[in-house]
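Look at the sequence and the structure before reading on.

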Amino acid sequence: MDAGAYVGTFAAAALEEGAARVYCYEPAPKNANRLRDNLRRYADRAVVVEAALIGERDEAVSLRLSGFDGAHQTEFAVTSDAPKRSITVSAVYFRDQLLHICPDVLK
């Protein structure tokens, strides 16, 4: 289970090392598209979920975009008051995903 999968580096490494399946959570649309492209060769072994994993039951969340595609933050994890551009993205409840997937490894 790859929370904040970005473009799939961890997921690809796990799949290359023999993981049966990796669930990848990436809320930023641009990153999710790259992630899908990068993991296409693994077919159904790489499951891309275009959503943020959050600790509360919300269906959408504000994602604050940083100047670097790998450093976006949900409104729940914001560490800076600096103004940033935000978009609304889908979100899934972290605990429900854990119970459904029962991962051996969580990143």
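The second largest pocket of this predicted model has a volume of about 240 Å³. A pocket is an open set of points on a 1 Å grid over the protein atoms alone, where a 1.4 Å probe fits and protein lies on both sides within 12 Å along at least five of seven lines. The volume is the space filled by probe spheres set on the points, which are joined across faces, edges and corners.

The lining of this pocket is made up of 13 residues, and Met1, Arg21, Pro103, Asp104 and Val105 are the closest to its centre. Lining residues have an atom within 4 Å of a point. Helix 1 (9-16) and strand 2 (22-25) each supply at least two residues of the lining. Helices (H or I, at least four residues) and strands (E, at least two) are DSSP runs, numbered from the N terminus.

By class, 11 lining residues are nonpolar, none is polar and two are charged. Ala, Val, Leu, Ile, Met, Phe, Trp, Tyr, Cys and Pro count as nonpolar, Asp, Glu, Lys and Arg as charged, and the others, Gly among them, as polar.

Two residues other than glycine have a positive phi.

| Residue | Phi | Place |

Tyr6 is partly exposed, with a relative accessible area of 27%, whereas Cys102 is exposed at 55%. Buried means under 20%, exposed over 50% and partly exposed in between, with a 1.4 Å probe and protein chains only.

Residues are numbered from 1 along each chain as its sequence is written. Local features need pLDDT of at least 70, side-chain atom pairs count only at pLDDT 80 or more, and totals for chains, interfaces and linings use all residues, while side-chain values use heavy atoms, with hydrogens and water left out.
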